Amino acid sequence: MTRYIVQRLLLLPFLLLVYSFVIFVIIQAPPGDFLTAYVATLSASGTSISAEQVDALRHTYGLDQPFVVQYLYWLRNLLSGNLGISLEYQRPNAELIGAQLGLTVALAVMSFVLTWLIAVPAGIYSATHQRSVIDHVLTVINYVGVATPNFMLALILMWIAFAYFGISVTGLFSPDYADAPWSVARVVDLMKHIWLPAVVLGIAGTARLTRIMRANLLDELNKPYVVTARAKGLREWRLVLRYPVRLALNPLISTIGWYLPQLFSGSLIVATVMNLPNIGPLLLRALINQDMYLAGAILLIYSFLTIVGTLLSDIALAMMDPRIRMEA
Amino acid sequence: MLRIATPIALLATLLFAFAQPVAAQATKYHEAPALADQVKAGKLPPVEQRLPEQPLVVPVVEKIGEYGGVWRRAFLGPADANNYVRVAYDGLFRFTPDGAEIEPKIAAGAKSSADYKEWTILLRKGARWSDGAPFTADDIVFWYKDVLLNKDLTSSLPSWVRNADGTAAKVEKLDDYTVRFTYDRPATLFLSEAANQDGSDMSYAMFLPAHYLKKFHPAYTPKEEVDRLAQAASFKAWNELFLARATPAQNPERPTMAAWMPVTRVSDPVFTIRRNPYYIGVDKEGNQLPYIDEVRFTYFADQQALNLAAIAGDFDMQARHIQMTNYPVFKDQEKTGKYRVIVWPTFGGSDAVIALNTTYTADPAIGKLMATKDFRVALSYAINRDEIKESVFLGLGEARQAVPAPWHPYFPGKEWAAKYTEFDRDKANKMLDALGLTKRDGQGIRLMENGKAATIEISVVPAFGAWPDVAQLVAKDWEAVGIKTVVQIRERALHFNMRTANQLMAEIWNEDTTAFPFTGGAKFDVRNTLGTLTIGPLYSKWLTTGGKEGVEPIEPLKRVMQLIDTARSVGHDGQVQAAQELFRIWADNVFEIGTIGLTPMVQGVVVINSKFHNVPMTIGNDWPLRTPGNARTEQFFFSK
């Protein structure tokens with residue numbers, strides 16, 4: 001087992017090197033560069049900039065250098081632990097990502113907890129009360145939840161909030177607290193705003209998880225050991241929670257490592273629509289504006305977390321299910 | 001009626017400014033309560049010592065204002081820094097609200113020699129940067145010597161400082177408050193250009209805080225030290241660091257001359273600019289400006305979310321990013337009493353023009369047609385502009401070609417603005433028949449000389465919201481006269497790249513440079529490669545390669561270039577003549593097919609808090625005017 005983990009870890013730097021090249025190629029694949037996108041942005045806001053100004057900027061930022069030179073420059077920085085400077089923000093990428101990280105993770109953890117808190121009990125109830133009225137109601141809600149794109153849901157909720165309550169629910173803070181230092185009042189303000197995006201983000205996951213939980217549990221409930229336990233007089237709830245539920249949770253727990261990159265990425269479209277200050281919109285902007293060093297830094301961290309997350313999932317699975325272990 | 005005066009006519013005004021006595025009683029200045037407290041605490045010198053000997057006296061729109069308040073605005077992130085530039089409008093000179101004249105702002109005035117080859121700028125004695133350091137001729141000389149003439153900072157000279165032979169004009173300090181520019185050619189557009197040298201911009205303006213920036217420049221600080229600073233801040237080289245430190249939006253430490261100075265960065269979630277205690281302006285009662293304490297730009301990732309917040313009344317005065325399509329919603333919500341909505345139409349031109357590429361080579365048959373004047377005229381007649389006006393522009397504006405507004409001296413006359421804009425399908429069909437496009441295929445589409453169906457692709461970017469709809473309506477009209485039309489909606493950057501690479505057949509954009517045909521990157525000059533509409537990307541190649549590559553500009557376009565060159569060295573009357581001829585050529589040749597103009601499409605729907613005052617009802621609205629900067633933002637105020 002240890003050898004297996006070490007093997008996988010040794011592969012990591014090599015994989016990241018390959019990824020860094022692929023990422024750089026893909027970010028550079030659209031025609032033009034950061035300044036083309038910048039000029040387009042300016043034109044679309046009724047502003048012009050002279051050719052000389054653009055030439056000067058292109059030269060200053062080194063965008064007139066060949067592709068390989070730009071990549072090697074980036075790589076050299078990466079190897080010395082420097083994620084570089086964002087062309088658009090003119091600030092270190094590490095600082096930009098760091099500034100968004102806290103809220104991104106907070107939001108992801110909240111929607112994750114919400115998902116599990118609702119999905120697991122709902123799934124258990126549905127399975128144990130199969131074909132009851134509530135099961136059917138939950139099923140319909142789940143299908144709608146899975147089928148509705150969550151940015152759509154966000155738009156609808158935002159419209160309702162504005163049309164009926166006269167409040168705009170964009171962002172995670174009221175204007176007064178947006179750039180205030182952390183305080184109890186600011187946390188309260190955050191809590192007032194964060195629940196809506198957390199619900200929106202959690203709903204699709206909840207629906208999916210409930211369905212999985214229900215199906216897994218239904219498989220278990222008909223197994224002979226359940227019948228035996230019941231025949232022996234074990235009380236129903238105690239029985240269900242103690243044995244079949246634990247087994248039914250296994251597939252869910254083994255995928256828990258996949259949440260790692262998701263915690264970091266933030267939900268791109270929902271966050272953009274709801275104007276949430278997290279890493280999703282940061283990445284989207286960086287890609288649209290061809291801010292290659294920032295986009296590259298985010299994607300590289302994302303790749304890293306994906307690799308680590310998969311490894312953690314594998315380890316979790318191996319620990320729970322002896323049949324998967326390499327030595328076996 | 002607006003009176004438009006070009007720089008020549010302005011001289012009298014500016015000279016007058018020199019002689020003007022201090023309008024406000026020099027001994028009795030007033031200041032904002034917050035600043036008065038700081039003076040009492042000994043943290044700031046008294047207001048009399050902070051103001052120059054002759055402050056700028058700013059006229060107010062409605063009445064003398066009250067101090068205080070936070071002006072809430074929204075922006076779309078660092079690339080939207082011009083949101084702030086337009087509020088700050090930090091220039092030595094600036095355009096007046098109607099865009100008709102240029103007035104001194106930070107500078108006290110300017111005068112030229114009789115042949116316009118020499119320009120003398122006078123600065124205000126006692127003017128100070130926002131950190132209290134004196135603002136003198138050295139700050140302009142620093143820009144000239146160490147930034148403009150430094151190859152690492154300025155790789156190619158901006159055209160406005162170039163002599164006829166391509167070298168840089170001479171800039172010299174005559175005394176602490178006087179600087180002279182000397183050209184080897186008449187520079188009649190000097191002041192218009194100077195009015196666009198903006199200290200808040202991302203590129204270097206003609207005046208920089210030398211005392212602050214010297215520590216980032218190798219001419220004043222040892223190269224190793226500058227390199228060390230660059231490296232410590234993760235920059236590749238010192239010039240990148242210098243640019244970042246010289247840009248106020250990215251560096252709150254950088255002193256500024258504007259009414260408000262940044263206290264956070266444009267890359268922060270809220271970009272805040274606060275009252276500059278040394279701002280050079282006062283109102284006529286001697287109250288130091290600005291009235292408003294702070295401007296806060298809140299970051300929005302998405303324009304729709306921004307509009308939703310604007311509808312809810314979250315901003316105090318904003319036109320930027322407000323979509324014209326939401327105008328009815330704003331009008332409806334006006335009833336709540338939170339805000340009022342006014343419209344500022346565009347400054348001439350046309351708000352959706354279809355530019356046909358006259359040097360299109362990928363399909364020579366259609367390329368030849370698009371280069372034929374009668375073909376373009378026929379397509380102009382084929383468009384039902386009333387329908388576009390009603391369905392896309394909410395009934396606002398008028399059908400017109402891309403010529404200046406009627407009140408502008410460059411306006412060539414009604415008949416040219418309306419040229420070929422009447423909807424006449426029969427005439428269009430007859431003209432197309434006369435071009436030999438008589439054979440049609442099964443769908444009624446005309447066949448070209450190579451036997452293929454005549455097809456035009458209109459590339460459109462949903463930049464100001466409504467253009468894809470315009471394109472669809474135009475496509476329908478053109479198909480009705482037998483020209484197949486494909487509408488292709490493209491992402492911005494891709495569209496721009498295809499434009500430069502001569503891959504666009506036709507596109508829709510707005511023509512918003514009609515008041516400024518001779519300065520900036522006007523779209524009428526085919527030598528401008530950037531920001532040029534796709535009327536012929538290959539012309540500039542022909543000119544730069546001396547005729548080896550590209551396509552030779554056709555006669556009318558050559559004449560346009562001649563006119564632009566002439567205008568740069570003649571007086572006001574000559575400029576008006578040149579401009580009028582330019583627009584007659586432009587309308588007659590329909591290089592761009594104009595649709596509807598003079599609508600509030602571009603930042604023209606202004607949402608204003610009911611307690612926010614001194615905003616003019618009418619104004620020249622354009623980028624070179626830095627609207628709303630030309631409304632003199634420092635005199636805006638909140639009533640209690």
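**Figure 1. Pairing of strands E7 and E8 in chain B of the predicted model.** Strand E7 (residues 170–175) of chain B runs antiparallel to E8(B), and five bridges join the two; strands pair here if DSSP finds at least two bridges between them. Helices (H or I, at least four residues) and strands (E, at least two) are DSSP runs, numbered from the N terminus. This is a predicted model, in which local features need pLDDT of at least 70 and side-chain atom pairs count only at pLDDT 80 or more, while totals for chains, interfaces and linings use all residues. Residues are numbered from 1 along each chain as its sequence is written, and chains are lettered from A and ligands numbered from 1 in the order in which they are written. Lys173(B) has Val179(B) as its bridge partner in E8(B).

Figure 2. Opposite Leu122(B) stands Thr178(B) of E8(B). Within strand E8 (residues 178–182) of chain B, Val179(B) and Phe181(B) make up the covered face, whereas Thr178(B), Arg180(B) and Thr182(B) lie on the uncovered one.

**Figure 3. Surroundings of Gly77 in chain B.** Gly77(B) is placed in the loop between strand E2 (70–75) and helix H4 (82–88) of chain B. Gly77(B) counts as buried because it has 22 C-beta neighbours inside 10 Å. A residue is buried if 20 or more other C-beta atoms lie within 10 Å of its own, exposed if 12 or fewer, and partly exposed in between, with C-beta atoms placed from the backbone. Not counting residues up to four places away in sequence, Gly77(B) touches Arg285(A) and Tyr299(B); contact requires C-beta atoms, placed from the backbone, to lie within 7 Å. Val270(B) is 193 residues away from Gly77(B) in sequence, yet their C-alpha atoms are 9.4 Å apart in space.

**Figure 4. The side of chain A that touches chain B.** In this interface, 49 residues of chain A are in contact with 51 residues of chain B. Two or more residues each come from helix H2 (34–43), helix H3 (51–60), helix H7 (150–165), helix H13 (268–273) and helix H14 (279–288) of chain A. H3(A) gives the largest share of this side, eight residues. By class, the side of chain A that touches chain B has 21 nonpolar, 22 polar and six charged residues. Ala, Val, Leu, Ile, Met, Phe, Trp, Tyr, Cys and Pro count as nonpolar, Asp, Glu, Lys and Arg as charged, and the others, Gly among them, as polar.

**Figure 5. The two domains of chain B.** Chain B is assigned domain 1 (7–343 + 603–638) and domain 2 (350–597), with bounds from an automatic or database domain assignment. Taken over C-alpha atoms, the centres of domain 1 and domain 2 of chain B are separated by 35 Å. Contacts link 16 residues of domain 1 of chain B to 14 residues of domain 2 of chain B. On the domain 1 side, helix H1 (7–19) and helix H6 (190–194) of chain B each supply at least two residues. That side divides into seven nonpolar, six polar and three charged residues.

Definitions and conventions: Contact = placed C-beta atoms within 7 Å.
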